[in-house]
Number of protein chains: 2
Amino acid sequence: MRIAVVGAGALGLYFGAKLAQSGNDVHFLLRRDYDAIMARGLKVCSVDGDFHLPKINGYRTPEEIGTADLVIVGLKTFANHRFRELITPLVGDNTMILTLQNGLGNEEALAELFGDGKILGGVAYLCSNRGEPGVVHHLGEGRIVLGEYIRGETAKAEKVAAIFNRSGIECRVTPDYLKARWEKLVWNIPFNGICALMMKPVDTLLSLKAMRLLITDMMKEVITGGNAQGLVKPIPLTLAEDMITFSERLSSYRPSMLIDRQEGRPLELDTIFGAPLAAAAGKGIEMPRVQELHALLLLAEKG
Amino acid sequence: MRIAVVGAGALGLYFGAKLAQSGNDVHFLLRRDYDAIMARGLKVCSVDGDFHLPKINGYRTPEEIGTADLVIVGLKTFANHRFRELITPLVGDNTMILTLQNGLGNEEALAELFGDGKILGGVAYLCSNRGEPGVVHHLGEGRIVLGEYIRGETAKAEKVAAIFNRSGIECRVTPDYLKARWEKLVWNIPFNGICALMMKPVDTLLSLKAMRLLITDMMKEVITGGNAQGLVKPIPLTLAEDMITFSERLSSYRPSMLIDRQEGRPLELDTIFGAPLAAAAGKGIEMPRVQELHALLLLAEKG
């Protein structure tokens, strides 16, 4: 199976490297890291053991890659307006397109361009960040919850999941990936948002009682918003407390949106805030705490 | 009437200067500005016309001032724990104590120390800030809404208001100063809070649609919280839109809490956020947007 990775940031590089390491035919569309990777290969510094791939199939344009069987999309969602330009050259009749991006609306945007039946949605639980060019750091986790855009179908997802699992990437198929998307938003909205706004890591937030209360209340808003979307099984409100407990173990972890802000990149506000707020409002659910954080982040982005 | 000013920041210096200019016997407790004012007097750069008072009664301790007929308290509320030490030497049998400080809880704290009957509460609408030592800038407004801590009584307030009005300070007496306190909080909570949190002036906030919506919603929370306190007449919800319109005229005004943060001072969070949140909660009213802003400011204060 010919695999193309579009958006080779920390997530794309890590999963692509795991797939390549176990012998898959992986092709990376590169930008910042092109020179370093072509010269010295790709280094993964991982909590599961470091490894180095001396020879990577790297390209500067999707046309050089050509048609693939599976396209893995790891672009930052503020670059989603480039889907057509970057992905079209990779798509043939039987190509599957898997977005591992954050937030809501990515599958929809891809389906509109390439057709519902080609699209898979994966929710990635991965702590990673980029080091110097050619180096990616894997700090923890690394699993994927996978589903198809056409709800209830799972044949394509099973096929992709088998490849991932054989490559040492824990991958579970769900007939309702939308629930997984919202479950991840329960964490991403407060922690990505507040860490980015305040430029502080996870443990600094959790050290303040008023902040723990705010995060818990905000998580409950997101759970309520998600449960209004007709999920097959609702998300329990107790997930909020569970996630706070889980987050204690993350110590000074910096969520991706904080890193984006520190490195001067745009923030993924449309998919992590705008789309969930619109989806909730569409079902008559207000998320006032989420809305406030979104407004503050929009103000922060104005610089 | 012997008047003592405790807390000679932008507010205390401005009102004290106006009172002194029109011949009242005013005595200032000074700290930062002592040397400059004793050497060169006090300069007021005002939108109503600059003036200079060459000779000021300035002191370093309240004991040097001694008993006064009227004590005007302009301390930042994070210094309220110093009430006993700073005010006791100024208080005789018939002394009136007027707090012009921000937020809720100041009258209560003074009443506990000096007795209900001595306490007046004034809500100041004043745009001012300190310049170099010995200079205060008056940027706009300058009126006071005045009441007595013992609700319904107005005799003392009328007496003080007469002095202020004779000194060119517009002063209106109300039998329900608590309503005036909450009305000011309707503006202070969102604008002081968000400007300080984001380190941005008023017009930057108003230039963003999502932020105008947030501020309006937050103002409505405060109005609802205030109206639960048994005010004589409720605050209309339309005050929110009116205040947004009014705030358009403030252009790049920096509220006091933003200046406090820029200058590295503590923030007046207890009286502008903590006390109103507690008062609302005491009546069963949630103010989720206010609570979120409070939690974010507490996190910002942790540095």
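Student: Where is A:M199 found in chain A?

Tutor: This model is predicted. A:M199 sits in the loop between helix 7 (177-198) and helix 8 (202-206) of chain A.

Student: What should I look at in its backbone?

Tutor: Start with the general idea. Most residues other than glycine have a negative phi. Now the case here. A:M199 has a phi near 55°, a positive value in a residue other than glycine.

Student: Is A:M199 buried, exposed or partly exposed?

Tutor: Use the cut-offs. Buried is under 20% relative accessible area, exposed is over 50%, and partly exposed is in between. A:M199 has 39% relative accessibility, so it counts as partly exposed.

Student: Which phi value does B:E141 have?

Tutor: Phi of B:E141 is near 50°. That is a positive value in a residue other than glycine.

Student: In which strand does B:E141 lie?

Tutor: B:E141 belongs to strand 9 of chain B, residues 135-148. Its relative accessible area is 35%, so B:E141 is partly exposed.

Student: Now the two chains. What rotation superposes chain B on chain A?

Tutor: Read the angle, then the shift along the axis. Here the rotation is 180°, with 0.0 Å of shift along its axis. The RMSD is 0.0 Å. That is the relation of a two-fold axis.

Student: Which C-alpha of chain B is nearest the axis?

Tutor: That of B:R289, at 3.1 Å from the axis.

Student: What share of the contact residues of chain B recur in chain A?

Tutor: The share is 100%. The same surface serves both copies.

Conventions. Residues numbered from 1 in each chain as written. Chains lettered and ligands numbered in written order. Predicted model: local features only at pLDDT ≥ 70, side-chain atom pairs only at ≥ 80, totals over all residues. Heavy atoms only, no water. Least-squares fit on C-alpha atoms with pLDDT ≥ 70 in both. Contact = heavy atoms within 4.5 Å. Helix = DSSP H or I, 4+ residues; strand = E, 2+ residues; numbered from the N terminus. Buried < 20%, exposed > 50% of the residue type's maximum accessible area, 1.4 Å probe, protein only.
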